Amino acid sequence: MVLHGDGGSHAAGRPRRLTRSSGPDDRGSGPGPENSLDMGVDDQELTRCALAAKQGDTNAATRFVRGTQRQVWQLLRHLADPGVAEDLTQECYLRAFRSLPSYRGRSSARTWLMSIARRVAADHIRQRDRRPRPADLADWQLAAERAQPRTTSVSDGYALRSALEALDSRRREAFVLTQIVGLSYEETAEVAGCRIGTVRSRVARARTDLIEQLSEYDTDHNASRGG
């Protein structure tokens with residue numbers, strides 16, 4: 001799934017409609033194909049793109065989306081629901097472009113956008129009914145390996161998702177932002193509105209909680225197989 005503008009000009013601060021396109025390389029691992037995204041855009045360039053998009057530069061708007069889309073999708077996928085991450089990503093960019101006239105560039109455009117994505121996830125969580133959901137292992141395996149090196153099988157998918165969902169919401173957010181999305185501790189602190197030391201503490205506690213929960217799962221799983 002690739003978000004892009006539908007062509008034509010737009011007024012400053014108003015985005016072109018974001019649409020989806022998919023290709024043969026889409027395999028459900030996130031916004032793709034990979035070569036349609038620009039993952040190498042640094043914070044300064046993204047901020048320049050956002051400010052230019054604010055003035056009506058459609059090319060800058062497209063580059064801004066392509067340079068941030070996968071991180072937004074990853075965050076929403078882990079803080080909300082994998083099944084609706086694409087829709088929530090769309091919602092995040094719609095909110096971002098509506099808010100663009102008030103963006104002054106005092107913080108990086110990446111952290112500004114992640115703060116919006118965080119609110120999108122929170123709004124979704126408040127509205128949803130909680131129910132068991134299967135995990136897509138691609139990023140959950142990464143999350144588990146970041147917490148503790150282990151061999152992950154398909155049957156572990158539910159355990160991995162349950163373990164991360166069982167975390168305190170603030171610890172889960174800090175863990176996902178730093179260990180999966182790839183933000184620095186400083187950037188995560190800005191997104192979450194807390195101190196860097198608090199982020200470090202939340203990540204450390206999340207890692208400890210995950211190791212404990214996954215160890216309990218291993219014990220129970222091995223006992224059931226042996227019984």
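**Group meeting: a pocket and its helices**

Hi everyone, let's start with the lining of the largest pocket, which by class has four nonpolar, one polar and four charged residues. Nonpolar here covers Ala, Val, Leu, Ile, Met, Phe, Trp, Tyr, Cys and Pro, charged covers Asp, Glu, Lys and Arg, and the others, Gly among them, are polar.

A word on the model: it is predicted, with local features needing pLDDT of at least 70 and side-chain atom pairs counted only at pLDDT 80 or more, while totals for chains, interfaces and linings use all residues. Residues are numbered from 1 along each chain as its sequence is written, and side-chain values use heavy atoms, leaving out hydrogens and water.

Back to the pocket. Its lining is made of Leu79, Arg118, Ala121, Ala122, Ile125, Ser169, Arg170, Arg172 and Glu173. A pocket is an open set of points on a 1 Å grid over the protein atoms alone, where a 1.4 Å probe fits, with protein on both sides within 12 Å along at least five of seven lines; lining residues have an atom within 4 Å of a point. The space inside is about 160 Å³.

Which helices each supply at least two residues of that lining? They are H4 and H7 (169–181); helices are DSSP runs of H or I with at least four residues, numbered from the N terminus.

Now for the packing. H7 packs with H2 (residues 58–79) at about 145°, the axes 10 Å apart. Axes are lines fitted to C-alpha atoms over the stretch in contact, and angles run from 0 to 180 degrees between N-to-C directions. On the H2 side, Gln71, Gln74, Leu75, His78 and Leu79 make the contact, and on the H7 side Arg172, Glu173, Val176, Leu177, Ile180 and Val181, where contact means heavy atoms within 4.5 Å. Those residues divide into six nonpolar, three polar and two charged.

Next, H4 (residues 109–127) and H8 (residues 185–192): their axes come within 9 Å and cross at roughly 50°. H4 and H8 are therefore oblique to each other, oblique being whatever is left once under 35 degrees is roughly parallel, over 145 roughly antiparallel and 65 to 115 roughly perpendicular. Thr111, Met114, Ser115 and Arg118 of H4 meet Glu187, Glu190, Val191 and Ala192 of H8. By class, that contact has three nonpolar, two polar and three charged residues.

Last one: H3 (residues 85–99) packs with H4 at about 125°, with axes 9 Å apart. H3 and H4 are therefore oblique too. Their contact residues divide into nine nonpolar, two polar and four charged. Thanks, everyone!

Note on methods. Points joined across faces, edges and corners; volume = space filled by probe spheres on them.
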